[in-house]
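This report describes selected local features of one protein chain. Please keep the sequence and the model at hand while reading.

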Amino acid sequence: MSEKEHPRLILHNFLSPAECKELEFIHKSSSTIGYRPNVFSTTLSHLIATNSPHLIIPFVSIRERLKEKIEETFGCEYELFIEFTGLISWCKGASIGWHSDDNRSYLKQRDFAAVCYLNSYEKDFIGGLFRFQSGEPVTVAPSAGDVIMYTADDRNIHSVDEVTDGERLTLALWFSRDSSHEEDSKLLSRLSQCTSHEVCLPLPASTNMYWFCPHQDGSNQNIGFDVCVARLHLLGFDVHSLQGEDHSTDASEQLMGPLQLAKGGKLLTRKFANILHALQVVQFYHWKASELVTSNVENDTLEEVKAMSHSQLETINALKSVFLLDENLVATTFGYSCSGEDRKDSLDLTGIALAVTSWEEYSCKLLKELLSSLPQWKTYQTIHKVESD
């Protein structure tokens, strides 16, 4: 704990490597354009809105642990409410100058903050150092699992250096003593509609929420990319929209309907409901690739991979001309030049076909826990870990 003039605490390995990787999977399969240039975010309300409410479950115990630690550290047991929870990534060019976290009239309810790092400085990104204006420590060079906790007022004015390479991933929470700003009650009102026991197929938000333009005002639409298409491209996959074959379909709708994945002149015949469905499966595969057994691939799985036709290739290129205007911009925004990992070559279409079942099992498990927890959550109007019978 730092001196009283600048109340703050830094804990190492607060989150486990497994927790960091799971939250990274959620963010990279769900994120939209963020609140600052070159920043991307995933909020809990957004997960619900895009029909992925089950993905809230991995946050539940982490939120509880952070709240308990904040209350213990700053001597305010049972006084705090979680005001906001979100995954935030800072990419090349992102930064923020000196500020306190309550420096706007609409942020005055914020009393404490917690920033958890999901990846590591120099290993995964360059730049993006967290700096305090006064007190110790002055600079935080984080590793995955570390957390910074501090008061949200002017005793902890801080900044974030510009990210120069890679993607800096964080989980950010703010806490308030004012119950009227509690996040849980707002989330529970949205979750009340969750009744289906079927696998949740994600539904994309409006396309403008996924359109990244390096100019903050979005004035130049001739450069940029769709975030979902870009993240698939970074892992080596192209998108074949089945709606793209219907030339009467508006380009903006092509990612909202059924599509297939392609790579290296091959096409996976399996259909995905939309771009977000495909992205979740691919990011799940990227997360769990080492655990998925591919040595005993069944023939029917192999038969799902076919050579592409000329017309299918044309459809893919037509979609890229709309949603992936600058491939180099994708690499500089999301890529990390110092990484030795060749993500494009490490994943293949056969693995995607195998990952679908594992992704469905994972989603069903989380959905089951969500539905069993909801009655207690509604009764107590808090989102908390419910022990299974």
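**Helix H11 and its ends**

Helices here are DSSP runs of H or I with at least four residues, strands are E runs of at least two, and both are numbered from the N terminus. The model is a predicted one, in which local features need pLDDT of at least 70, side-chain atom pairs count only at pLDDT 80 or more, and totals for chains, interfaces and linings use all residues. Residues are numbered from 1 along each chain as its sequence is written, and side-chain values use heavy atoms, with hydrogens and water left out.

H11 covers residues 349–380, 32 residues in number, and its first and last C-alpha atoms are 45 Å apart, close to the 46 Å expected at 1.5 Å a residue; the expected span is 1.5 Å times one less than the number of residues. At Leu374, shortly before the proline Pro375, H11 has a kink of about 40°, the bend being the angle between axes fitted to the seven residues ending at a residue and the seven starting there. The N-terminal end of H11 is capped by Asp348, which places a side-chain oxygen 3.3 Å from the backbone nitrogen of Thr350.

**Salt bridges**

The structure holds 18 salt bridges, each defined as a side-chain nitrogen of Lys or Arg within 4 Å of a carboxyl oxygen of Asp or Glu. Lys21, Glu24 and Lys28 are linked in a network of such bridges. Within helix H3 (residues 57–74), Glu72 and Lys69 lie three residues apart, about one turn of the helix, and their side chains meet in a salt bridge at 3.4 Å, N to O.

Arg177 pairs with Glu79, with the closest N and O atoms 3.2 Å apart. This pair links distant parts of the chain, 98 residues apart: Arg177 is in the loop between strand E13 and helix H4, and Glu79 in the loop between H3 and strand E4. A further salt bridge joins Glu304 to Arg270 at 3.1 Å between the closest N and O atoms. Glu304 lies in the loop between helix H7 and strand E19 and Arg270 in strand E18, so the pair ties together parts 34 residues apart in sequence. Glu304 counts as buried at 14% relative accessibility, whereas Arg270, at 28%, counts as partly exposed (buried means under 20% relative accessible area, exposed over 50%, partly exposed in between, with a 1.4 Å probe and protein chains only).

**Surroundings of Asp238**

Asp238 belongs to strand E16 (residues 238–241). Beyond its neighbours within four places in sequence, Asp238 contacts His233, Gln260, Leu261, Ala262, Ile316 and Lys320 (contact means heavy atoms within 4.5 Å).

Note on methods. A polar contact is a pair of N or O atoms within 3.5 Å; within protein, one must be able to donate a hydrogen and the other to accept it, and residues adjacent in sequence count only if both atoms are side-chain atoms.
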